[in-house]
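Here are a few notes to read alongside the model, one topic at a time.

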Amino acid sequence: MTWEERLQAVRVMGFTERQAGFLVTVMLYAGVCLGRHYCTFASIAYGRSMHEFFESLLARGYVTARGCGHNRARLYHVHYKPLYRAIGEPNNRHRRPTTLARAVERLMVLDAVLGDCGRTWLATEQDKLRYFTLTHRIPRRDLPTLTFHADDAATARYFPDKLPIALDRERNKYIFLYLLTRDLPVDFRMFLERHAELLRALPGWTVRLLVPRHKTDAIPLYQAAFREQLAMPLEPAVLDDLRWYFHARRRAARDSDERFDQAARAFGAPRFQALYRAWLERGEPVLDATLSPVLPDAVTWGTGQLECHVLPHSYIRLLPLVGTA
């Protein structure tokens, strides 16, 4: 569904265009919100209009409200299934209850989207899949994917990180959001590896790192991880040794204990651990791509970059235990 179709489907349920636009935005990007988010979206002062809107949603059973930490703010969760069905997302995970810590993470993403509302954003798996396969003709095998195995069946989920992607039409580039939640960039490295083939196919791109104020000390580690995973191609001889080591490690068979131990020491850095996990998931193309100059050149020339964005709001006060988000 297009934005206009979603907007119209919610409007006919008894909302103004502004209210419908806000509800669609919340459902697509977070499922939860605070009163200030509606004020930001509607460009109104915090006051009566905002309170009346949320009171009407509560009275109709469309949202639930809960207190946040040691603060009087109320966290609203939009859960009403007919609303999600109206926008073509009846089974969206945002409908389900979640922990307060995870809800706060979603608030951060919502803040990032509302702070850059002039762009077109891709929210759902299907929106992203349809856009990149139809607009750029990118094969599905080159899209970010995780494969889940159950019994004898395998299910591929595209864009499994479930983070919004923005279209910057003026500069012909794309903005990939990533929320910093951990001090060490272990998951961030895997995010970069999953997106590497897609980034190679795009004319320009930015990975926008969303940084909560209490996590700014971690920024240098994430910057280093970005350079290591995307901007440092391997030499062919190094790749040969790495390929041998990965195969030996997977077999748990050491053709030569000394060679294996040397390789384990040489390839023990976080960069290679991320590559190993990606290789187990997607096979030899992951290693072949480490020779490619496409991403290093993009970083060098500025068509590919990491942008660190410190979020303007404080979220610690929303949590009962400091540091859980």
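**Notes on the model**

1. Glu89 counts as buried, at 15% relative accessibility; buried means under 20% relative accessible area, exposed over 50% and partly exposed in between, with a 1.4 Å probe and protein chains only. Before going on, please keep in mind that this is a predicted model, in which local features need pLDDT of at least 70 and side-chain atom pairs count only at pLDDT 80 or more, while totals for chains, interfaces and linings use all residues. Residues are numbered from 1 along each chain as its sequence is written, and side-chain values use heavy atoms, with hydrogens and water left out.

2. Where does Glu89 sit? It is found in the loop between helix 5 (81–86) and helix 6 (100–114); helices here are DSSP runs of H or I with at least four residues, numbered from the N terminus. Leaving aside residues up to four places away in sequence, Glu89 touches Arg6, Leu28, Tyr84 and Thr124, where contact means heavy atoms within 4.5 Å.

3. Arg6, one of the residues touched by Glu89, forms a salt bridge with Asp127, and their closest N and O atoms are 3.1 Å apart. The term stands for a side-chain nitrogen of Lys or Arg within 4 Å of a carboxyl oxygen of Asp or Glu. Because Arg6 lies in helix 1 (residues 3–11) and Asp127 in helix 7 (residues 125–135), the pair ties together parts that are 121 residues apart in sequence. Are these two residues buried or exposed? Both Arg6 and Asp127 are buried.

4. How many salt bridges does a search of the whole structure find? The count is 19. Among them, Arg182 and Asp187 meet through their side chains at 2.9 Å, N to O. Arg182 is partly exposed, with a relative accessible area of 40%, and Asp187 is also partly exposed, at 31%.

5. Glu197 and Arg200 form a salt bridge at 2.7 Å, N to O. Both lie in helix 8 (residues 186–201), 3 residues apart, about one turn of the helix. Glu197 is partly exposed, its relative accessible area being 27%, and Arg200 is partly exposed at 22%. Elsewhere, salt bridges that share partners join Asp116, Arg119, Asp168, Arg208 and Glu307 into one network.

6. Helix 8 also packs with helix 12 (residues 270–282), at an angle of about 50° and with the axes 9 Å apart. Axes are lines fitted to C-alpha atoms over the stretch in contact, and angles run from 0 to 180 degrees between N-to-C directions. Helix 8 is therefore oblique to helix 12, since angles under 35 degrees count as roughly parallel, over 145 as roughly antiparallel, 65 to 115 as roughly perpendicular and the rest as oblique. The residues of this contact divide into 6 nonpolar, no polar and 6 charged; Ala, Val, Leu, Ile, Met, Phe, Trp, Tyr, Cys and Pro count as nonpolar, Asp, Glu, Lys and Arg as charged, and the others, Gly among them, as polar.

7. Finally, the axes of helix 2 (residues 17–29) and helix 6 come within 10 Å and cross at roughly 130°, so helix 2 is oblique to helix 6. Thr25, Val26 and Tyr29 of helix 2 make the contact with Val109, Leu110, Val113 and Leu114 of helix 6. By class, the residues of this contact are 6 nonpolar, 1 polar and no charged.

Key:
Helix = DSSP H or I, 4+ residues; strand = E, 2+ residues; numbered from the N terminus.
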